[in-house]
Amino acid sequence: MAEAVGQIRDEEISEAQIAVHWREEEYYYPSPAFIGQANLTDPDINRRFSIEKFPDCFKEYAELLTWDQYWHTILDTSNAPFWRWFVGGKLNACFNCVDRHLAKYRNKAAFIFVPEPEDEPVVVLTYQELYNRVNEVAAMLRDFAGLKAGDRVTFHLPMTLDLPIMMLACARLGIIHSQVFGGFSGEACGLRIADSGSRVLVTIDGYYRNGRVIDHKVNADIAVQVAEQNGQKVDKVIVCKRHPGRNLSSAPMVKGRDFFFDEIMKEFANRKVDPVSMPSEAPLFLMYTSGTTGKPKGCQHGTGGYLSYVAWTSKYIQDIHPEDVYWCMADIGWITGHSYIVYGPLAVAATSVIYEGVPTYPDAGRPWRIAERLNVNIFHTSPTAIRQLRKSGPNEPQKYNYRFKHMTTVGEPIEPDVWRWYYEVVGKGQAVICDTWWQTENGGFLISTKPALDPMKPGSAGPPLPGIFPVIYDEEGNEVPAGSNRAGNLCIRNPWPGIFQTIWGDPERYVNQYYKRYCRNPNSKDWRDWPYFSGDGAMQAADGYFRILGRVDDVINVAGHRLGTKEIESACLTVEEVAEAAVVPVVDELRGRMPEVYVSLKPGVTPSKAIEEKVVHAIETIIGKIARPKRVWIVPDMPKTRSGKIMRRILAAISNTMEIGDTTTLLNPEVVEQVRQMVQGTGKVEIKAGPEDIRRFGEER
Ligand code: PRX
């Protein structure tokens, strides 16, 4: 396919279209052993969920839940594009995740908590004990914190059991929780407290990360201050303790405002609170997406639609059975953790593992030791984590005696080479892989292979889920057909139960950002007129599989041809010495923009001109000369966010001698200066304003 660009004459490529040059990959097939035990084996599924059957097909989703009052209208579009699912229905999300499992699974593990320090024992929380704790905390939230259905509460919690217990306690009362990723700063937390209008903040004294104790309570003090500056007073800060009876924080407690969780909970021992029956469309939680593009957006998810969506996809795409031990290594502070550590797995009575720390602590064998010890058989992580684990311990998995039946990848496009390591080395050639594409706004998976039914194709997320009808539009709104070797804007034609309800407090932005772009008639009440704009570029192969190119703003326009950065990075990763690659646009006088390549090498490999040349050669061979990079920089490491995403925005700023911006929230801020000196030299450089597309390049959403 590398020749494709040469075959398309310039006049055939509209300005809006992106030419992509993927090499088609071979299929991999699920094993008979997997198929034999899978939850979803009905070959008729796509017919059952055909577009003619929409929206009634989603009845099957609702039926996975226990309703206090059954719904009467499956989908109400009367206020399009504010969709309402299962209208008239009433239910409680906590009841569905906890209470209803007690009869059968009372003494089965709901959560297994694995502390980062390896000498600290794991904590097993059975469904019965989860029920007890959630009830006690719900009583505290109601009677001590004074919260009731519809109120918002902000959590700034790391990966300990406090977080899911708090979430479920809120759900029990209809309180809307807003968890801010624990790695975010106090300031970021404060802005989100203010936006959501929370007057209660739940935090923790400290936690373990990469072998260090993090003092977290200090962030709460900043958060409260920032929230107040932004018009929201916080009356109560509830401080959990990582070790009961000890305090890991040096921050003082503010009298009358700060309360230790263990002290206030004494009064609530053994209390029980009835679950509050909530309307299907009542908001369950807010999840803010990263605010670097301006004000953070609070994505509001509802109760019945959301819960049914994560339940169905947990059962049929993750293939979770109650007997499985399931481990998603994401952080609960992101949507993946909400949907696929807490709500989805618990809705289907799973055992869900929660790991506190970083995957490579104290070494790259840690995840595989955890998997072996807990007998994990379903594993879920991100391409970044897979790349990190491959870089620091390429042969570690084979040293451990675990066996996965199923593995998930999510969050970024996965390069075929990385996919194959995941499949062959981590999965030992036996596990199916689901490359799941979705977004915070979406609630749950939208594109993925159905694990027992569809073959896998490295680097392609796959076909849409049943009942999801994606379409790729060019800038003018023309459909880009499957098999055309062209990419465009990935949109979804129809609403689905997991879709978010609105942006908290900003319905206009919700419409503008997600629905205005391809809306056919703003007065229409018909869902067909309101395709959802994902903001991702994608292409669809002739077999119907989608390949995600990344954010549409992560595209480099080289001499009028738009190239996906991920595509170039994927090429770099075919060079055996390369561990990680990041491609950014750099201004070029002749060609407009050119890609610039940053690579880090596998352990023990020495940087050399020869490796740089191999990278250039790989790009030219796999994509074509059009993608030839201006420079290849071999760097000691990539600047990364706390959640492990490579900060291409910072590399683009360095490449273009532009303002780098704040780096304090990074995992490794020191790397930025090392890379800057390597690229810009140690002398004084003149900082440029830079063009808009590069200023916005790689922005976290
Ligand atoms: O660009 C897509 C990428 O992650 C974005 C959504 O990020 P977020 O809202 O943080 O949610 C992440 C977890 C659901 C998307 O716009 N993305 C997500 N999954 C994939 C992906 N890119 C490629 N392949 C995926 N499987």
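Visitor: Which residue lies over the face of W633, and at what distance from the ring centre?

Guide: In this predicted model, R631 sits over the face of the W633 ring, 3.8 Å from its centre.

Visitor: How is a pair of aromatic rings described?

Guide: One gives the distance of the centres and the angle of the planes. The count for this model comes to 48 aromatic pairs. One of them joins W83 and Y515 edge-to-face, with 6.1 Å from centre to centre and 75 degrees between the planes.

Visitor: Where do W83 and Y515 lie in the chain?

Guide: W83 belongs to the loop between β2 (73–76) and β3 (84–87), and Y515 to the loop between α17 (507–514) and β25 (532–540), so the pair ties together parts 432 residues apart in sequence. W83 and Y515 are both buried.

Visitor: Which edge-to-face pair does W327 form?

Guide: W327 pairs with F379, at 5.4 Å centre to centre and with 70 degrees between the planes. This pair also links distant parts of the chain, since W327 is in strand β17 (residues 325–328) and F379 in strand β19 (residues 378–381), 52 residues apart. W327 and F379 are buried.

Visitor: What surrounds W83, leaving aside its neighbours within four places in sequence?

Guide: W83 is in contact with L75, D76, T77, P495, I499, Y510, Y515, W527 and W530. W83 is also among the residues that touch the most other members of the largest nonpolar core, which has 124 residues; F58, L130, M140, L168 and Y343 are listed with it. Another core lies apart from that one and has 80 residues, including I112, V575, I619 and I623.

Visitor: How many disulfides does the count give?

Guide: The count comes to zero disulfides. C94 is in none, and the nearest cysteine sulfur, that of C97, is 7.2 Å away. A disulfide requires two cysteine sulfur atoms within 2.5 Å.

Visitor: Is C94 buried or exposed?

Guide: C94 counts as buried because its relative accessibility is 0%.

How values were computed
Residues are numbered from 1 along each chain as its sequence is written. This is a predicted model: local features need pLDDT of at least 70, side-chain atom pairs count only at pLDDT 80 or more; totals for chains, interfaces and linings use all residues. Side-chain values use heavy atoms; hydrogens and water are left out. Rings of Phe, Tyr and Trp (its six-membered ring) pair if their centres lie within 6.5 Å; planes under 30 degrees apart count as stacked, over 60 as edge-to-face and the rest as tilted. Helices (H or I, at least four residues) and strands (E, at least two) are DSSP runs, numbered from the N terminus. Buried means under 20% relative accessible area, exposed over 50%, partly exposed in between (1.4 Å probe, protein chains only). A charge sits over a ring if NZ of Lys or CZ of Arg is within 6 Å of the ring centre and within 35 degrees of the ring normal. A nonpolar core is a set of buried Ala, Val, Leu, Ile, Met, Phe, Trp, Tyr and Cys residues joined through side-chain atoms within 4.5 Å. Contact means heavy atoms within 4.5 Å.
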